[in-house]
Amino acid sequence: MVQINTTNINILTLLSQGDFSLDEFSLYLNLEKKSIYKNINSINSFLKDENLPLIDLQGVTYSLKLSKSQWSSLFSRKDFITNDEVIDYLYIKFIHEGFINLEVEKEVLNISRSSIIRYFNDVKKTLEINGSQYEYIVGKGLKLTFLSQTDKNIFSKKLIKFFVKCDFSLNHSIFIINLIKSYNINNLLDNLYIIFKTLNLPTTHFIISFLCSLHICIKVFGGFNFKKDYNYDDFSNIEKLIKSELKDYSLEYQNQLFYFIVCLKKEEVDFEPSTLQKAFKVIEEIKVRLNLNDLDTLSEKMLLKKICFSVFKYENQIFKVRNVTINEKEKILLNILNNILNDHNINLFFCDKISITQIITKIIIEHNKTSLKNILLLFNEVIILDDNYLKNTLENSRHKFNFHIEPAFFYKLNSKNYEGKYDLILSDEPSLSSKTIVVNSFNPSQIFLAIHNHIFDKAIQNILHN
């Protein structure tokens, strides 16, 4: 029987979400291609022994076609647990219970005595560095006697990591599931959904995962203090809603959730200080290098949240990925972002870099829309002048652009009449002029795509020349 290891599990976790090339595996796992290739061969030997389909190479991408039940069965095995997941489980179990017996846990995890000692040494090292204390009770095990604030934060973060993975991946610890099953997290998720939906509050995997972890943290050590210097009387409707929807939960959870949601209403970004510091450094560099010094607050906060969550994912090795492609212009931004991250010694997963690049692309377009004012639309089809749908669509954007629509033959008669009057000319006539951009006259979305591409291209040229 082929033994499955941590790298094998990580490869399978990725394959459960899509197809990947060796280059992409290397990016996510930070391993040499030769090593990945050997691991894929090892996994195939394991899959063959289990009478399951094998990892298949099609062109340059690897894929594994298993049914949902096959994936679920695979990741439900007790031996499908990474080294990090073992350490996380032992850390969470010790703090949650306030006590641990390694002989018992050795049997639960089905590992050797030397392995459980090696794993728990990592837990002890973390606790000792952070100032937490424990004592050995002869013949029974280890008892936690003091939990530092740092370890409270780490305990919450490890639970967040678990809940984030539960949202997208079959590969989440069945041991932690068994540990926290009495908290009835699924019911809590239903209640939180109603609260956020009623309040029309945007949310993320991270926020919901944090609020699930908060439920556990309150019962273990009292939770956290989110109360700020606000006039909370202004948010009595939120308080009433929470007390109504969470009447079966502790008063302390209701109160802490209330203070936390008020912070969200105030547009505060709740990530740990070290993560926020990294994100702020990256954003400041982005603003300087991409001429975005007067970036609006909403765009900056959107970018800040994405960078923070990306840092959290990478540092906790949460393989939540998606296949993404970018064009040549976006590659320029990706190279700039890579340089900024390297300068500050920050690592992110490739797909998160792409997502950040795409957010920056959107920001650049919005930021530079004022550089384009007068736009001429030249169409061959005279009937287009009576297209009310097009006119209404353009009208809704008139606060940003001044549109002028004319038949293309007017321009053909005397193009000099139009010189210097327009910042951009769009037409459905390919032969008009090298200065015009060809679009489909019956497709308003293509018109706006052409406008946005033009703005982005000009902005990139300015960035490269500065």
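Predicted model: local features only at pLDDT ≥ 70, side-chain atom pairs only at ≥ 80, totals over all residues.
A charge is taken to sit over a ring if NZ of Lys or CZ of Arg is within 6 Å of the ring centre and within 35 degrees of the ring normal. By that criterion, Lys-158 lies over the face of Tyr-91, at 5.4 Å from the ring centre.

**Charges over rings**
- Besides the placement of Lys-158 over Tyr-91, Lys-266 is found over the face of Tyr-230, where the distance to the ring centre is 5.0 Å.

**Aromatic pairs**
- Across the whole structure, a search returns 28 aromatic pairs, among them the edge-to-face pair of Phe-20 and Tyr-28, with 5.9 Å from centre to centre and 85° between the planes.
- Both partners of that pair are buried: Phe-20 has a relative accessible area of 2%, and Tyr-28 has a relative accessibility of 4%.
- Another edge-to-face pair is made by Phe-210 and Phe-226, whose centres are 5.7 Å apart and whose planes make an angle of 85°.
- Because Phe-210 belongs to helix α11 (residues 205–221) while Phe-226 is in the loop between α11 and α12 (236–245), this pair ties together parts that are 16 residues apart in sequence; Phe-210 and Phe-226 are both buried.
- Ring pairs also join Phe-20, Phe-25, Tyr-28, Tyr-62, Tyr-314 and Phe-349 into a cluster.

- Four strands form an open sheet in the order β8-β7-β9-β10, and their pairing is parallel.
- Strands β8 (402–407) and β10 (436–438) stand at the edges with a single partner strand each, so that one side of each is left without a neighbour in the sheet.
- From one strand to the next, the twist averages 25°.
- Within this arrangement, β7 (residues 374–379) and β9 (residues 424–427) pair in the parallel sense over four bridges, and the bridge partner of Ile-375 in β9 is Leu-424.
- Helix α20 (residues 444–465) packs on the sheet, where it touches β7, β8, β9 and β10, and the direction of α20 makes about 145° with that of β9.

**Glu-300 in helix α15**
- Glu-300, a residue of helix α15 (residues 297–315), has a relative accessible area of 18% and is therefore buried, given that the cut-off for this class is under 20%.
- When neighbours within four places in sequence are left aside, the contacts of Glu-300 are with Ile-283, Glu-284, Lys-287 and Leu-295.

Terms used: Residues numbered from 1 in each chain as written. Heavy atoms only, no water. Pairing = 2+ DSSP bridges. Helix = DSSP H or I, 4+ residues; strand = E, 2+ residues; numbered from the N terminus. Axes fitted to C-alpha atoms, helices over the stretch in contact; angles between N-to-C directions. Contact = heavy atoms within 4.5 Å. Buried < 20%, exposed > 50% of the residue type's maximum accessible area, 1.4 Å probe, protein only. Phe/Tyr/Trp six-rings, centres within 6.5 Å; stacked < 30°, edge-to-face > 60°.
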